[in-house]
Amino acid sequence: MATLVERLTSIVGAAHVRTAAGELEVYARDATPLFHHRPDVVVFPGSTAEVAEVLRLATELRIPVVPRGAGSNLCAATVPLAGGIVLVLTRLDEILEVSGPELLARVQPGVSTQALATAAAAQGLLYVPDPGSKVVSTVGGNVATCAGGLRGLKYGVTRNYVLGLEVVLPTGEVVRTGGRLWKDVAGYDLTRLLTGSEGTLGVITEVTVALLPAPAATRTGVAYFADLAAAGRAVDAVIGAGITPATCEFLDRTCVAAVEDYAHLGLDTEAGALLLFGDDGDPELVDRSLGRIADVCTEHGATGVTLAADVAASEDLLAARRCSLPALSRLGSLTILEDATVPRPRLAEMADRITAIAAKHELTIGTFGHAGDGNLHPTCVLDASDAAAVERSHAAFGEIFGAAIDLGGTITGEHGVGAAKLPYLSRRLGNDQMALLSRIKTAFDPAGILNPGKLGSTGDQTTEAGTA
Amino acid sequence: MSDEPRTAAGTGDVFDPDLLSRCMSCGFCLPSCPTYRMTGEEASSPRGRITLMRAVQDGRLDVTDPTVLAQSQFCLGCRACEPVCPAGVQYGELLEEWRDTAWQGRNRPVLAKLLMLMMSRLGMVGITLAGLVRRAARTRRGTPAAPNLMLGCVERVLYPKVSRAARRADPSLVAPAVQGCCGALHAHNGESGLGRRMARRLGRQLPGTIVTTSGGCSAHLAAELGADRVQEFSAWLAAGHGPDLADLTPIQVDGRRARLGLQDSCHLRNALGVWREPREVLAHLGDYVEVPDAGSCCGAAGSYSVLRPADSREVLAPKVAAIAELDLDYLVVVNPGCYRQMAAGLRGSGTRVVHLAELVARAL
């Protein structure tokens, strides 16, 4: 260990290496409850070259390395379950370029998603991916988890906007995949493979993203329904009517109450479900689109529809939606959230199944999610000291994953697999694909040092339960 | 590879478990934290500090662990993390509990000991030491129903002119000579019990409504006496007391309306949610210019600027640079600590620092 720390210090400098117990403790977890393990050392590299040297050293000494951005992920992807090095990339936080003519930006991985969006907006451009955690999350972390967000249906997710990457391989080589081109089929699409690889194949040190011209207008509205399933059916009807809303989010009564408690927007907390819809583009088209969505909702059982009066009101609604998860945590000392996703036409059915599973296991499960793309976030809120309830929540989530797969869906739409969902991954992928993942992992990382116990592993690793 | 030994002193009674369990570690607080922005390190973020508190509570770290102790001191206590927390974590409470335990005996910063001793004397005996030096805004008599102007122990010493200005602006305010310290600095420096007792005693000395020109005192007093009894001066004016704001004569500089900026008081903004009110008042006093990041801490942070001058200056520096861009005539403050800090930061610049009450008095 002494040698490791000395050699790391010689690479990045003493000011950027941490070994004190308290310093390690704070990197023992991320935003995921129930996963906790201290690293042996925390390193803050200041350049791609330093990242490469750290990785070469780690491969030589067979030391695990867990890359980390802001630590806002929800699947324990950045918990160092095998100890070793936590490699924090927040010092690499420069926006290298925003090009209006080329509609792209080049950034270092530690830039926050919000900072990139703001820099793009300053030039009249839009960085599309907007995960709920964008105020804190980093672009590197977003790419590593292929973060989703509130614009999935109309615009897609992070992978649709990554043009190129600079990546350091575990063996120390620096490769650049993709680049500044929209069309480029020279070789396997490694950019897409690395996007969502959760720090198991390489360390992202630079990202080139596609931007869009910022839409002239963005408006949102709210419709209330008897329950989530009714809201889900209305979403089907909206899309069936040929409308593709930029935003299409829903929250059940539990979530609406929690959000209202924090944000005080005057939401109707008596309604069974809230649908937040929105569109962007030319102002007249947006107005027409919102009018049509409101009509379709009313025709399909909405008990009330209101349109946001202005941009500020729209922003408030979207901000409130983004904080659904932490707001829900007001209801109990332990908040476990999942990310099951189904084909959109099965949304209503899935919502009903979740309600039934919650009732069966006597749990409080609040569900919110991205209705437009079938991505649900059933969130169980409970008392951490009630071991029986924690057990029941695990059983319930097992059934929720099963239901999602039954309906042609997946165990995670946007949060990732990490350590939290690895035990369920083979149910989604099957054994052959699991083995293929493992071979890919070995091709990139022969020594198995990068984020072990996560993607590319078998899923039978032990986890250490800690504080929530 | 990692081992996480439990310390012998894993008592589980340092923190209120309900307060501690509120945090779900989402990290939404990170960008709001001045010390996290300074270092980029998890340990110096609100979420990281709560992780440390949990480790102490669960016995994985001792309260005297060097990182734990260092972070309990590095935190400004500005509470900028609270309004941005969707989970409603009461970080300020947790910090007080933390320092109550961590800052015992030799682990207490020496300067904090001296400072608190001085304040306690002022508060306990109720002698207005500073009042002897400067007669400040004292009054001999007032009707019991009249709103009380709190003189504030820091302000009495450093800026007695502020209380005088407040009384000129609103002559209905009475300022009893015998009034102690509100105990805010004690509460923030490892003596929350004493701090609360001092607030209650001040509440008895000043029955009825208490008006204060110190944002920090107002938040501490309101927490102990109830928000209905305590009014910060700008909120008091904005609520319709004192002069009619529309009748004020805007401040002139070189024959034009003065350019005014504001530095928020952290606890006034983050704990009491008062930030529109001073802006509303200033809009009547000149051309109001919003200072970028006006809501973030200036680094004064109660006793922080005395205890940790280097860190305090590092927090202040970007603020001074931002203000230099704005060509302000006056940077307005609503708290004595901010007054001292900003005056030091802007010394020699073209921007003068002034308390809101002083400007109002000049605009009568």
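Just after helix H18 of chain B, B:Gly348 takes a positive phi of about 85 degrees. The model is predicted. Helix H18 itself covers residues 336–346 of chain B. Its buried residues are B:Pro336, B:Cys338, B:Tyr339, B:Gln341, B:Met342 and B:Leu346.

The mean pLDDT of the chain is 89, and 89% of its residues reach 70 or more. Strand S8 (residues 330–333) of chain B has the highest confidence, at a mean of 98. Helix H7 (residues 129–133) of chain B has the lowest, at 41. Residues 124–143 of chain B stay under 50 in pLDDT. The model has 30 contacts for this stretch beyond four places in sequence. Residues 1–9 of chain B are also below 50. Here the model has 25 contacts beyond near neighbours in sequence. Where pLDDT is low, predicted coordinates should not be read in detail.

In chain A, strand S14 (residues 273–281) is mostly covered, and nine of its nine residues are buried. Both faces are covered. One side carries A:Ala273, A:Leu275, A:Phe277, A:Asp279 and A:Gly281. The other carries A:Leu274, A:Leu276, A:Gly278 and A:Asp280. Strand S12 (residues 217–225) of chain A runs antiparallel to S14(A), joined by nine bridges. A:Tyr224 stands opposite A:Leu274 in this strand. Strand S13 (residues 247–252) of chain A also pairs with S14(A) in the antiparallel sense, over six bridges. There, A:Thr247 stands opposite A:Gly278.

An unreviewed UniProt entry lists residues 35–214 of chain A as "domain: FAD-binding PCMH-type". Over these residues the chain is 22% helix and 24% strand. The end C-alpha atoms of the range are 39 Å apart. Elsewhere in chain A, A:Lys441 lies in helix H15 (residues 422–444). A:Lys441 is buried, because its relative accessible area of 8% falls under 20%. Beyond residues up to four places away in sequence, A:Lys441 touches A:Thr200, A:Leu201, A:Leu450, A:Leu455 and A:Gly456.

The structure holds 37 salt bridges over all chains. In one of them, the closest N and O atoms of A:Glu206 and A:Arg176 are 2.7 Å apart. The pair links strand S10 (residues 203–210) to strand S9 (residues 174–178) of chain A, 30 residues apart. A:Glu206 is buried at 8% relative accessible area, whereas A:Arg176 is exposed at 51%. Both residues belong to a salt-bridge network that also includes A:Glu97, A:Glu102, A:Arg106, A:Glu166 and A:Arg180.

A further salt bridge joins A:Arg346 and A:Glu349 (3.1 Å, N to O). A:Arg346 is partly exposed at 32%, and A:Glu349 is partly exposed at 34%. In chain B, B:Arg37 forms a salt bridge with B:Asp293, with closest N and O atoms 3.5 Å apart. B:Arg37 lies in helix H2 (residues 34–39) and B:Asp293 in the loop between strand S7 (287–288) and helix H16 (304–307), so the pair ties together parts 256 residues apart in sequence. B:Arg37 is partly exposed at 41%, as is B:Asp293 at 46%.

Key: Residues are numbered from 1 along each chain as its sequence is written. Chains are lettered from A and ligands numbered from 1 in the order in which they are written. This is a predicted model: local features need pLDDT of at least 70, side-chain atom pairs count only at pLDDT 80 or more; totals for chains, interfaces and linings use all residues. Side-chain values use heavy atoms; hydrogens and water are left out. pLDDT is the predictor's confidence in each residue, from 0 to 100. Helices (H or I, at least four residues) and strands (E, at least two) are DSSP runs, numbered from the N terminus. Contact means heavy atoms within 4.5 Å. UniProt positions are given in the numbering used here, feature names are shortened, and annotations may be inferred rather than shown by experiment. Buried means under 20% relative accessible area, exposed over 50%, partly exposed in between (1.4 Å probe, protein chains only). Two strands pair if DSSP finds at least two bridges between them. A salt bridge is a side-chain nitrogen of Lys or Arg within 4 Å of a carboxyl oxygen of Asp or Glu.
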